[in-house]
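Walk through this model with the sequence and the coordinates side by side.

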Amino acid sequence: MSSISPECNDLKKTYDDCFNKWYATKFLQGDTTPACEEIFTLYRACIWRAIKEKNLDTLIADARKEKPFDTPDAGQ
Amino acid sequence: MVQFLTLGAQIQHSWPNVTQAVWQKYPNPFASHVLSSDVVDRTVDPVTGVMTTTRLFLKKGVMPKWGRSLFKVRDAFIMEQSTVDPRTCTMVTVTRNLSHKKIMLVEETQTYTSLVPQSALDASRSDAVPITQLRTDVRIISNTGWAPIKSRIEGFGLTKFQANTLRSSKGLLHVLENMSKQTQGGTS
């Protein structure tokens, strides 16, 4: 699956591979110590550059501020 | 006016596998409308162990033909915020559109929980089939001022959503089946 920005594709692939392995072998087994931090920092920086170029940063910030719709049966 | 919809489904796969498939869902043959997928933020709470993720998707073709002529809408950015709690085996994803919110805002909350069959609680039984319960809650709201168009958009949203939910489940199952093939030695 492509990234929003072609220049982030390689970083995204490396990060996704790292994350999927960590998620299956560590996180789900109870070891929630974060991993893949270095590659994520690079990938995230690349993505946020693209987000700002497309003026999506304010849309994302607004969506986060808006109170999410009430979750039915909270806690379920 | 706001439209609500709640759907329940049971997935015949274990909760850990289902949540892995959620991360690896795209691409799949039932999601050709998804053009991009990115993780824009992700943290793990050191105390609770809960992982919070924000993903951004670009999807194409959100409006029917009659709507396109009115609103000039093409692709839409979608944001997904999620939490995964491995201790309680609960994953919640909340998805909403960032683009075209005035025309129609669709917020979908999906809750994945582990449904342990009674037979599995008995330690002597190891043949229990793992099941994941998926609950989907949708809220659709149109802020377009003109009432006839507004109700038509909301109606369209609901119909379209029901069709999309079916397609989305097929996509998830496809990914799950591919994952189990790989786990079984990748002979295929």
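What follows is a short tour of a predicted model.

Start with the sheet in chain B. It is an open sheet of 7 strands, and the pairing is antiparallel. Read across, the order is E1-E7-E6-E5-E4-E3-E2. E1 and E2 of chain B are the edge strands, each pairing on one side only. From one strand to the next, the twist averages 15°.

Now take one pair from that sheet. E1(B) and E7(B) run antiparallel and are joined by 10 bridges.

H3(A) lies across E2, E3, E4 and E5 of chain B. Its direction is at about 45° to E4(B).

Stay with H3(A) and turn to its neighbour in chain A. Two packed helices are described by the angle between their axes and the distance between the axes. Helix H2 of chain A covers residues 37-53, and helix H3 of chain A covers residues 57-65. They pack at an angle of about 100°, and their axes are 7 Å apart. Angles of 65 to 115 degrees count as roughly perpendicular, so H2(A) and H3(A) are roughly perpendicular to each other. H2(A) contributes A:Trp48, A:Ile51 and A:Lys52 to the contact. H3(A) contributes A:Asp57, A:Ile60 and A:Arg64. By class, this contact of H2(A) with H3(A) has 3 nonpolar and 3 charged residues, with no polar ones.

The loop between H2 and H3 of chain A holds A:Asn55. Look at its backbone. Most residues other than glycine have a negative phi. A:Asn55 has a positive phi, near 55°.

A further helix pair spans the two chains. H1(A) and helix H1 of chain B, residues 15-23, have axes that come within 11 Å. The axes cross at roughly 170°. Over 145 degrees counts as roughly antiparallel, and H1(A) is therefore roughly antiparallel to H1(B). On the H1(A) side, the contact is made by A:Phe19, A:Asn20, A:Tyr23 and A:Ala24. On the H1(B) side, B:Thr19, B:Gln20 and B:Trp23 take part. The residues of the contact of H1(A) with H1(B) divide into 4 nonpolar and 3 polar, with no charged ones.

Move on to the loop between H1 and E2 of chain B, where B:Pro27 is found. Most peptide bonds are trans. The bond that joins B:Tyr26 and B:Pro27 is cis, with omega about 0°.

Which residues lie nearest the centre of the second largest pocket? They are A:Asp16, A:Asn20, B:Trp23, B:Gln24 and B:Tyr26, out of 23 lining residues. Helix H1 (9-25) of chain A gives two or more residues to this lining, as do strand E2 (34-44) and H4 of chain B. H1(A) gives the most, with 8 residues. A:Asn20 and B:Trp23 also belong to the contact of H1(A) with H1(B). The volume of the second largest pocket is about 510 Å³. Its lining divides into 9 nonpolar, 7 polar and 7 charged residues.

End at the largest pocket. It holds about 1000 Å³ of space. The lining has 50 residues, and B:His33, B:Lys59, B:Glu108, B:Phe161 and B:Asn164 lie nearest the centre. Which elements of chain B each supply at least two residues of this lining? They are strands E1 (2-11), E3 (51-59), E4 (76-85), E5 (90-97), E6 (105-115) and E7 (131-141), together with helix H4 (147-183). H4(B) provides the largest share, 12 residues. By class, the lining of the largest pocket has 23 nonpolar, 18 polar and 9 charged residues.

Methods: Residues are numbered from 1 along each chain as its sequence is written. Chains are lettered from A and ligands numbered from 1 in the order in which they are written. This is a predicted model: local features need pLDDT of at least 70, side-chain atom pairs count only at pLDDT 80 or more; totals for chains, interfaces and linings use all residues. Side-chain values use heavy atoms; hydrogens and water are left out. On a 1 Å grid over the protein atoms alone, a cavity is a set of points where a 1.4 Å probe fits but cannot get out, and a pocket is an open set with protein on both sides within 12 Å along at least five of seven lines; lining residues have an atom within 4 Å of a point. Grid points are joined across faces, edges and corners, and a volume is the space filled by probe spheres set on the points. Helices (H or I, at least four residues) and strands (E, at least two) are DSSP runs, numbered from the N terminus. Ala, Val, Leu, Ile, Met, Phe, Trp, Tyr, Cys and Pro count as nonpolar, Asp, Glu, Lys and Arg as charged, and the others, Gly among them, as polar. Axes are lines fitted to C-alpha atoms, for helices over the stretch in contact, and angles run from 0 to 180 degrees between N-to-C directions. Angles under 35 degrees count as roughly parallel, over 145 as roughly antiparallel, 65 to 115 as roughly perpendicular and the rest as oblique. Contact means heavy atoms within 4.5 Å. Two strands pair if DSSP finds at least two bridges between them.
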